[in-house]
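Hi there,

Here is the structure I promised to pass on to you. Have a look at it first, and then read my notes below.

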Amino acid sequence: MRAIEFQKYGGPEVLRVVTAEPPEPGPGQVSIDVAYAGVNFADVKARTEGYRVPSLPFRPGLEASGRVRAVGEGVLGFYPGQPVAAFTPGGSYAEVVVADATAVFALPEGHLRVAATVPTVLPTAHALLHEVGRIRPGDSVLVQGAAGGVGTVVSQLAKAAGAGAVYGVTSSPAKADYARRYGYDEVFTTASFADDVRRATGGRGVDLALDPVGGDSFRQCLASLATFGRIVSYGNASAADPWQVGQSELFPKTASVAGFSLFTLAREAPDALRELTARAFRTIADGTVKLPVTAEFPLTDAPDAHRLLGSRTSTGKLLLRVGD
């Protein structure tokens, strides 16, 4: 089989096509003939910084759709040829990938392309709003990275949950225009967006802020909160030093800070991940959420996909086309 891997950290050029034997599923695992693989910013951080890379060489890729190739000992409910989507700790940039059966989800026929956009983005967006952010009808929401995969979904889910207003933050006017098409009431493009949020809310601030960037962005989100406001941190795309918050910052606003990691959920509470993902998948099936694929590349063009994502000019979801 063909796969994409890197043997050292660096730019997109370190991604190489290799040939290897297809992996076999172990106990409790499923192997999948990959049709599409999602491309995520975490893959870029893995390639450049070693983010969640246990050792080199490493094959990136956190999500895939395709058909079951084989099932390991003790696996029930899956059969060869069955269409599925999967969340993986790596390795989805390949013609065959192995995933824990607890992170594999059965699909109806005819949905392989859209399903590859789902395993990371939808459960994350759903958890940020509901399980961690505890959104309530009428809440105002602020979303960093509004034009990305998670950002595109969060706005739609927030409106479906009865949010009063959804504000976004992007890095350019073009991205702001894109985000508005997916439910954002107003989108800000300045680094000091807390001032914009205050103006937009008449000085009140927002009830819930979601931040995947960290650093100064986290501080701006914190400054944007209303009384009883909540901020959920779910990434550190800025690679800034880990944030620290003390009583002097939280007490005056009666604010709270929470965190979320899909990786941790998959490792520590796989049953909770399955339940969360099932709820999230239903929002695609019933039309509540649309997650657009804005660019698609052949597997061998994975470096080009990484260049586009790393340029911070991409919107929506990027895919690698691997098989049929």
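This is a predicted model: local features need pLDDT of at least 70, side-chain atom pairs count only at pLDDT 80 or more; totals for chains, interfaces and linings use all residues.

Residues are numbered from 1 along each chain as its sequence is written, and side-chain values use heavy atoms, with hydrogens and water left out.

**The whole chain**

The chain has 11 helices and 15 strands; these are DSSP runs numbered from the N terminus, helices being H or I with at least four residues and strands E with at least two. Its C-alpha trace spans about 60 × 40 × 35 Å along the principal axes.

**Helix H3 and its partners**

Two packed helices are described by the angle between their axes and the distance between the axes. The axes of H3 and helix H4 (residues 149–160) come within 9 Å and cross at roughly 50 degrees (axes are lines fitted to C-alpha atoms, for helices over the stretch in contact, and angles run from 0 to 180 degrees between N-to-C directions). That makes H3 oblique to H4; angles under 35 degrees count as roughly parallel, over 145 as roughly antiparallel, 65 to 115 as roughly perpendicular and the rest as oblique.

Among the residues that meet here are Leu 128 and Leu 129 in H3 and Val 153 and Leu 157 in H4, where contact means heavy atoms within 4.5 Å.

H3 (residues 121–132) also packs against helix H10 (residues 270–285), at about 105 degrees and with the axes 9 Å apart. H3 and H10 are therefore roughly perpendicular to each other. His 126 and Glu 131 of H3 take part in this contact, as do residues of H10 including Arg 279 and Phe 281.

**The sheet**

Strands of a sheet pair through backbone hydrogen bonds, either parallel or antiparallel. Here six strands form an open sheet with parallel pairing, in the order E10-E9-E8-E11-E12-E13; two strands pair if DSSP finds at least two bridges between them. Strand E10 (186–188) and strand E13 (256–259) are the edges, each pairing on one side only. Strand E12 (residues 225–233) is joined to E13 by four bridges, and Ser 233 has Gly 259 of E13 as its bridge partner.

Helix H7 (residues 215–223) lies across E8, E11, E12 and E13, running at about 155 degrees to E12.

Enjoy exploring!
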